[in-house]
Structures are given as structure tokens and as C-alpha cells.
Amino acid sequence: MPARTYDDLAPHYDKAMRPLDRWFLARLRATALRYLPEGARVLELGAGTGLNFVFYPTNTVGVATEPSSGMLRLAREKEKPDRVRLIQSCAEHLPFKNNSFDAAFATLVFCSLARPAEAFSELRRVVKSGGPVILLEHVRPSGLLGPVFDLLNLITVPLFDDHFNRRTAEEAQANGLELVKVERSLLGIINLIACRV
Ligand SMILES: C[S@@+](CC[C@H](N)C(=O)[O-])C[C@H]1O[C@@H](n2cnc3c(N)ncnc32)[C@H](O)[C@@H]1O
């Protein structure tokens with residue numbers, strides 16, 4: 001399980017995210033979940049402490065996965081729809097049969113993955129053909145800010161396993177997902193990426 005850093009961050013995570021959630025993130029989390037079709041069996045990757053649970057429609061059915069025991073412990077304390085199971089798993093090796101889900105989503109997870117290609121490959125395996133995959137991610141912005149994020153990446157990877165110069169929409173496409181739409185916020189740093197398997 002490659003989420004040891006998040007075991008250490010877990011007790012501080014919700015407090016650290018609160019200002020961002022108040023500023024823009026909660027709104028974008030809600031928007032991301034609205035992309036999921038009604039009645040779909042849904043998979044969440046890297047659910048963390050469960051900050052998305054309040055945005056799940058009450059009738060959601062599916063599985064929220066998270067590799068870090070510390071994050072998972074806090075997620076278990078949060079309310080979520082009755083028919084959503086929470087299980088420990090990393091995105092690169094999902095313990096599900098092919099075509100188990102109608103849709104999948106992740107928020108702020110692909111920046112944490114050492115090998116995003118493996119997670120995309122798993123998404124293509126477990127989500128039914130044509131099913132939506134919705135990602136809310138911070139990415140490398142274009143223009144002058146791009147090189148700044150390349151430099152930041154030199155610090156954030158060793159400190160937090162957090163990649164600050166990911167091109168997640170492009171990587172999704174390069175790994176076989178169909179890119180439907182990218183909504184950019186905050187100078188292009190935050191992307192809401194809608195794909196299809
Ligand atoms: C920045 S947090 C985001 C948590 C939550 N999705 C949110 O939006 O608040 C990144 C999450 O990715 C998880 N993560 C790290 N490596 C992972 C992996 N290989 N597979 C799945 N999740 C992973 C971490 O444990 C952590 O919970």
C-alpha cells in the first residue's frame with residue numbers, strides 16, 4: 001500500500017482542506033459528482049477521509065476505496081449512503097471483477113499516484129464500456145505558471161508524494177480514455193476532467 005504519507009497526514013487533513021473547501025473545492029466536488037448518472041453503480045478512488053460523502057446522492061450504490069489506514073479510519077466515521085461500501089485498496093490494483101461499475105470518480109488523487117497509467121488501466125477494466133470517469137485534479141497549468149509548477153514538483157514529491165506538474169487530462173487520453181470535457185478553474189491549476197471508458 002503506497003499511502004504511508006497519508007497515514008501521517010490523516011489527523012490534519014480535514015482541517016488543512018477546510019479553507020480550500022470553503023473557497024472553491026466543495027463547490028467543485030459537488031459539480032464533479034453531478035456528472036455521475038443517476039442510478040449508476042459508482043466507484044470512488046482515493047476517498048481519503050470521505051470529504052466527498054456529503055455530495056453523494058442519498059441513493060448512491062457502490063464502493064469508495066482508499067489505501068491509507070489513517071485516512072480510512074476517519075472516513076469510516078463520516079456518514080455516507082447505506083449502500084456505499086468503504087474498502088482499503090490502491091487505484092493500481094482494484095479488487096473488482098471486470099465491468100463491475102457504471103461510473104467512477106476521484107478527487108485530488110491522480111496527483112498522488114506514482115504510476116497513473118496503471119490506475120487508468122484498472123479504470124478501463126472495472127468500468128463498463130462508455131461509462132463516465134470524472135476526475136477533479138490539480139494539474140500543471142499552461143503558460144508561464146507551468147515551469148513554476150515544475151519547480152514546485154521538486155519539493156512536493158519528496159515531501160508529500162504530491163506531483164504538482166501532472167497533465168492528467170492528457171494522461172487519461174494517452175491511456176485509452178475518451179476525453180469528453182475539461183473545465184478549468186484557478187488559472188488552469190484545477191481541472192474537472194470528464195472522460196469515458
Ligand atoms: C489529496 S488526498 C485526496 C483525498 C480525497 N479524495 C479528497 O478529495 O479529499 C489524496 C488521496 O489519495 C490517496 N492515494 C495515495 N496513493 C494512492 C493510490 N495508489 N491509490 C489510490 N489512492 C491513493 C491518499 O491516501 C489520499 O487519501
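A residue is called buried here when its relative accessible area is under 20%, exposed when that area is over 50%, and partly exposed in between, using a 1.4 Å probe and protein chains only. Because its relative accessibility is 1%, Thr 65 counts as buried. The model is predicted, so that local features need pLDDT of at least 70 and side-chain atom pairs count only at pLDDT 80 or more, while totals for chains, interfaces and linings use all residues. Residues are numbered from 1 along each chain as its sequence is written, and side-chain values use heavy atoms, with hydrogens and water left out.

**The sheet**
- Seven strands form an open sheet of mixed pairing in the order β3-β2-β1-β4-β5-β7-β6, where strands (E, at least two residues) and helices (H or I, at least four) are DSSP runs numbered from the N terminus, and two strands pair if DSSP finds at least two bridges between them.
- The edge strands, each pairing on one side only, are β3 (84-87) and β6 (178-185).
- From one strand to the next the twist averages 15°, with axes taken as lines fitted to C-alpha atoms, for helices over the stretch in contact, and angles running from 0 to 180 degrees between N-to-C directions.
- β6 pairs with β7 (residues 190-196) in the antiparallel sense over seven bridges, and Glu 178 stands opposite Arg 196 of β7.

**Strand β1 and its partners**
- Four of the five residues of β1 (residues 41-45) are buried.
- β1 runs parallel to β2 (residues 61-65), joined by four bridges, and Val 42 has Gly 62 of β2 as its bridge partner.
- β1 also pairs in the parallel sense with β4 (residues 103-107), over four bridges, and here Glu 44 stands opposite Phe 105.
- Helix α3 (residues 116-126) lies across β1, β4 and β5 (132-138), and runs at about 170° to β1.

**Around Thr 65**

**Nonpolar cores**
- A nonpolar core is a set of buried Ala, Val, Leu, Ile, Met, Phe, Trp, Tyr and Cys residues joined through side-chain atoms within 4.5 Å.
- The largest core has 32 residues, and Ala 64, Phe 105 and Ile 134 are among those that touch the most other members.
- Its largest share, nine residues, comes from α1.
- Apart from it lies another core of 25 residues, among them Leu 43, Val 109, Phe 110 and Ile 193.

Technical notes:
Contact means heavy atoms within 4.5 Å.
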